[in-house]
Amino acid sequence: VSTQSTWGSKNLQKMLMRRALGLSRRAFSTSLIRLAPDAKLVKIYQDSDFESAQYPVELVGGTHTSFAKLLYTFADSVEGKKYEVYVNEFEKLEGIKKKLGPFWGEADILKDEAFSSLNPGFRFVLAWMASEGKIDALAYVKASYLELVDEITGQVRANITVGPKSKDKVETIKSEASQVLSKSGGAQKKIVFTVTEDASVDGYYFEVGTIYVDKTASATKTSEGTGKKEVAYDWTALPQLPGLKKSSTPDFLLKILGGKVDELQEADAVERKFYA
């Protein structure tokens, strides 16, 4: 009897979580079964417990984490743990988006030939996002997926943005980012660099791991006024707060509520941008 009670409790939690997040695998499964190019993808999507399984790092956020988890599960089970396959797919998708224009998300991703060059697993998750009206959360899904990949592979990403005056100093900036990471205790990790050119930037800035370094003209001018030689912030090195009393609310409900708050903040940001 106790075993049956435990099983029922776990399934109740899963049901409540999916209902609160607004995700429905059952409603979308018919379309996926009919159009998905690989039956193995459908089986994992329908039968696996990817939403509550253990991952290299605990993702924090709203509904977008479910998409990132399914993508990671596909990479692990279907792609033979070749996690970078889907990282490359995100880049390939950018080219498709430019070709289709701003309303690319309204296309039928499983039928439209424009998406036929995408990896089947990646296309599958993208179609699920579209069916749930979450295609605008793509950037959050990518960030969560990269977080999982970096943790399992023991690497760290460095995003470098350079202006016109600094684009010929990329190798020097990469070396600087490596030194910054080394000083923070991450010297053993492989660094994956992404370099972006921005004509509006005077100088350069980069983020490596949790450390942000700003070497733009405006930041340099500010630092000179305060006597600081470098503007660098480690977002993990925050003052320690006094211990808080642990909430009596179940952890799974806290995650649901936290995710809903994230979604409300995202909605507020859209309203501010478009004056909705």
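Predicted model: local features only at pLDDT ≥ 70, side-chain atom pairs only at ≥ 80, totals over all residues.
Residues are numbered from 1 along each chain as its sequence is written. Local features need pLDDT of at least 70 and side-chain atom pairs count only at pLDDT 80 or more, whereas totals for chains, interfaces and linings use all residues; side-chain values use heavy atoms, with hydrogens and water left out.

**Figure 1. Overall view of the protein chain.** The chain has 10 helices and 5 strands (DSSP runs numbered from the N terminus: helices are H or I, at least four residues; strands are E, at least two). Of its 276 residues, 37% are buried (under 20% relative accessible area; exposed is over 50% and partly exposed in between, with a 1.4 Å probe and protein chains only). The accessible surface comes to about 17,100 Å², of which carbon and sulfur atoms account for 54% (Shrake-Rupley method, 1.4 Å probe).

**Figure 2. Packing of helix H4 against helix H7.** H4 (residues 64-77) and H7 (residues 138-153) pack at an angle of about 45 degrees, and their axes are 8 Å apart (axes are lines fitted to C-alpha atoms, for helices over the stretch in contact; angles run from 0 to 180 degrees between N-to-C directions). The two helices are therefore oblique to each other (angles under 35 degrees count as roughly parallel, over 145 as roughly antiparallel, 65 to 115 as roughly perpendicular and the rest as oblique). Among the contacting residues are Phe 67, Leu 71 and Tyr 72 in H4, and Tyr 140, Val 141 and Leu 148 in H7 (contact means heavy atoms within 4.5 Å). The residues of this contact divide into 10 nonpolar, 3 polar and no charged (Ala, Val, Leu, Ile, Met, Phe, Trp, Tyr, Cys and Pro count as nonpolar, Asp, Glu, Lys and Arg as charged, and the others, Gly among them, as polar).

**Figure 3. Packing of helix H3 against helix H4.** The axes of H3 (residues 39-47) and H4 come within 11 Å and cross at roughly 130 degrees. That angle makes H3 oblique to H4. Lys 40, Leu 41, Ile 44 and Tyr 45 in H3 meet Leu 70, Thr 73, Phe 74 and Ser 77 in H4. This contact comprises 5 nonpolar, 2 polar and 1 charged residues.

**Figure 4. Surroundings of Gly 154.** Gly 154 lies in the loop between H7 and strand S1 (155-162). With 34% relative accessibility, Gly 154 counts as partly exposed. Leaving aside neighbours within four places in sequence, Gly 154 contacts Lys 189 and Lys 190. Gly 154 and Lys 190 are 36 residues apart in sequence, yet 7.1 Å apart from C-alpha to C-alpha.

**Figure 5. Backbone at Lys 81.** Lys 81 is found in the loop between H4 and helix H5 (84-100). Phi of Lys 81 is near 65 degrees, a positive value in a residue other than glycine.
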